[in-house]
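Work through the following exercises with the sequence and the structure side by side. Try each task yourself before you read its solution.

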Amino acid sequence: MTDVLPALVQARPFRFMVVGIGAAGLFFALSWLLVSLGVPPFAGSAMAYATAFVIAYRAQRGWTFGAEHDHKVAFPRYLTLQAGCAAFAGLVSQVAVTHFGLSPVAMSALTTVVTSTISYLVSRLWVFPARGHGYPGKMTAGHAAMTSKDTARPPWRADMVAALLAALVPLTVYAVTGFPQLANPAGDNDSLLQLVEVRDLLAGQGWFDLHQYRMGLDGGFVMHWSRLLDAPLALGVLAVSALTGNVALAEQVVQVAWPALLFWLAVFSIIRAARAFAGGHAVLPAAVVGGAALYYLGIFSPGSLDHHNVQLMLILASLALLLEAPLLRPAALLSGICATLSVAIGMESAPYAGTLGAAVALLFLGNGARERLTARDFGLGVAAVSALVFVATVPASAWTQAQCDTFSIVQFAVAGLAGAGLAAIASWKAASATVAGRLASLGLLGLALAAVVVFLFPQCLASPYANLDPRLKEMWLSHIDEAQPLFQIVTNDPARAVARFATPLVAIILMALRVGHGWRRQDSLVGSLLVMAFLVSAWEVRGSTFSIAFAVIPLAAWIACWRQRAQTSPSNSAALRMAAAWLISVNAIWAGAAGAASSAFQTDAAATGAKAADTACLGKASFAALGRMPATTVLSLSNLGSPILAFTGHRVLAGLYHRNVAGNLVALDALLGSDADARTVVERHHVGLVALCRGNAESRLLMARAPDGFLARLMSGDVPDWLEPVAETKGRPLELYRVKPNG
């Protein structure tokens, strides 16, 4: 017990907390004393705050952080930090009370915890950083004599702070507007169903049981998503609900905090990658352009719980770590771990993880001595994590079942063989000593991987939707925006094509111009990943989510180059070219210009009104009436499946998921068929309610396909005698019809 107190006093977080509490107590005591002596309240409080502020600064610098930092640098930073924390505390308090409905006590506790944590982290990383991390303060003779590995490493703490500031900007915008995404998810079906999956897990559904029982036919269907994402979300809900006693509030907090955390980590990875690619001058452009790009993508907005943002963050982290691998020993191992986790969470990132693995192998082939440890450690990370994920997420009863759309024996066999094989070749001197030996060994490994896929799992060589029912391909898949190819986007929505493909194309051109001018390992890693993402986006536009993020790295290097030229050789021409580089690199500017041009030529006012009606239909408030009704099965559009599950206790037949083939086909049979066909489906599957959204694009599509079908007649006001309108929903965005008891 006697050893505990000295150890506690030496801990910086404890010292920081003691100084903070002491400063607060000093402010209270001084302000009370001065006002009691007759000093006006405003002046007394100001004098007390100034005194407490100066003493707190001196104590934090001198006692908490070792008195190593120059006042000329540390004091302005500390002043800026405290001003920012004061503003942020006010914002948190306002949002906590007005939006989340917290009591004053809970609000005060939340504000204190959040602002104190931010204050400590920023103080530790930026105001009073450890020696040797880019801090321009004074250095004692002892420090000058010390040789530290830290002095050779880039200042990651400063990069972390820059990423934090970039992440706080959109978070503040969302907070000021009241987090509208939580009330109106705007059709983010995957995030809503992810929330449902988390709720099911917390309600006791088994870890290995991936059924979605409330969607599809009786008994539901097995989802292809991974529990690896459910776990941190569920833990977050449990932790916040334990503190607040309110599960609904906990879900909202997680819906805000989780995407914000991923945004921070993604921007940090972009900054680290840009620094490794082009030096310290690329950090500011990477933070600004990267933050703007991720904000534009929308996958990090509040409520975004689906797997796309996690996958992008992990691939960015894997790239940044590979770029730093020559200087940071554990980086390659961590890179392999991140790349494999991204694939384990969702197969969409397999092309990018595979590209990174291939790039590592080719770099090792060309320069065995320098890249041997990187190849070995990357391979070990891939092999180890693939084995852990397989055991942790696949039940023993399914170990031999091949699944092409989720992590199974297929992905484990390929990743495990590729990772272990690469690590073995890099570790075996006879195989890695010469170019010929590496070429032969890696060639045999490639042939073995091809043989495994071709002979053991040939079904996974087909298109992901090859076995989808033709009717679902025509009526569903061909109308999913993120699954459209480039030529179709250019034809149907040229403004969107410009917004999605402009900056990646500029970045590819910049990379092409580097060919023949000192091509480096950094260029190989960034260039290969960018080209792969662009090719994937040309096949399906969803790939542009990755290509836009990857494009930030060469674009930041381009801006940094012109910034340096403008500084070293100032001229109007250099300044204009630097400004042009900034403007061309910001994806939102392309999107805004394309949107303005599209609006100038827009003549279909009806389409604009229909889009607004569709948005209103998908808002949380539209499902309030449905949520108050006794639980039953709802016949609805596939677009409404996830919102109904998330906002009500009902189950649905249709949903936007390729494994729900039977449920989607039955719903199509009812909506496109006659009244008699619909009634048969209703009776057979115990449907109690029919939901109609007139403004939804899917409603218009099905109505055009079957003008005399059940849905079309219902939209025209022809209600069959076995249905009755729910009066309170008449004229609302979401209209409900109850199946009569004798229907």
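**Exercise 1. Find how many bridges join strand E5 to E7, and work out whether the two strands run parallel or antiparallel.**

Solution. Begin with strand E5, residues 687-692, which is joined to E7 by four bridges, the two strands running antiparallel. Strands here are DSSP runs of type E with at least two residues, helices are runs of type H or I with at least four residues, and both are numbered from the N terminus; two strands pair if DSSP finds at least two bridges between them. Within this pairing, Leu689 has Arg738 of E7 as its bridge partner. Next, turn to strand E6, residues 723-725, which is also antiparallel to E7 and is joined to it by three bridges. Here Glu724 has Arg738 of E7 as its bridge partner. Finally, look at how covered E7 (residues 735-739) is: four of its five residues are buried, where buried means a relative accessible area under 20%, exposed means over 50%, and partly exposed lies in between, using a 1.4 Å probe and protein chains only.

Before going on, note that this is a predicted model, in which local features need pLDDT of at least 70 and side-chain atom pairs count only at pLDDT 80 or more, whereas totals for chains, interfaces and linings use all residues. Residues are numbered from 1 along each chain as its sequence is written, and side-chain values use heavy atoms, with hydrogens and water left out.

**Exercise 2. Determine in what order the five strands of the open sheet lie, and which strands stand at its edges.**

Solution. The order of the five strands is E4-E3-E5-E7-E6, and the pairing in this open sheet is mixed. Strand E4 (651-652) and E6 each have a single partner strand, so they stand at the edges and one side of each is left without a neighbour in the sheet. As background, strands of a sheet pair through backbone hydrogen bonds, either parallel or antiparallel.

**Exercise 3. Classify the ring pair of Tyr352 and Phe546, and find which residues form one aromatic cluster with them.**

Solution. Rings of Phe, Tyr and Trp (its six-membered ring) pair if their centres lie within 6.5 Å, and planes under 30 degrees apart count as stacked, over 60 as edge-to-face and the rest as tilted. A search of the whole structure with this rule gives eleven aromatic pairs. For Tyr352 and Phe546, the ring centres are 4.3 Å apart and the planes stand at 25 degrees, so this pair is stacked. Tyr352 belongs to helix H15 (residues 350-366) and Phe546 to helix H24 (residues 544-568), so that the pair links parts of the chain 194 residues apart. Phe546 also pairs with Phe550, with 6.0 Å from centre to centre and 55 degrees between the planes, which is a tilted arrangement. Phe546 and Phe550 both lie in helix H24, four residues apart, about one turn of the helix. Together, Tyr352, Phe546 and Phe550 form one aromatic cluster.

**Exercise 4. Identify which residues touch the most other members of the largest nonpolar core.**

Solution. A nonpolar core is a set of buried Ala, Val, Leu, Ile, Met, Phe, Trp, Tyr and Cys residues joined through side-chain atoms within 4.5 Å. The largest such core has 120 residues, of which Leu294, Leu312 and Phe550 touch the most other members. Its largest share, 14 residues, comes from helix H11 (residues 247-278). If residues up to four places away in sequence are not counted, Leu312 touches, among others, Leu294, Phe546 and Phe550, a contact being heavy atoms within 4.5 Å.

**Exercise 5. Check what span helix H22 should have, and find where it bends.**

Solution. The expected span is 1.5 Å times one less than the number of residues, so the 20 residues of H22 (residues 494-513) should span 28 Å, which agrees with the 27 Å between its end C-alpha atoms. The bend is the angle between axes fitted to the seven residues ending at a residue and the seven starting there; at Phe501, H22 bends by about 40 degrees, and Pro504 follows within four residues. Among the buried residues of H22 are Phe501 and Pro504.
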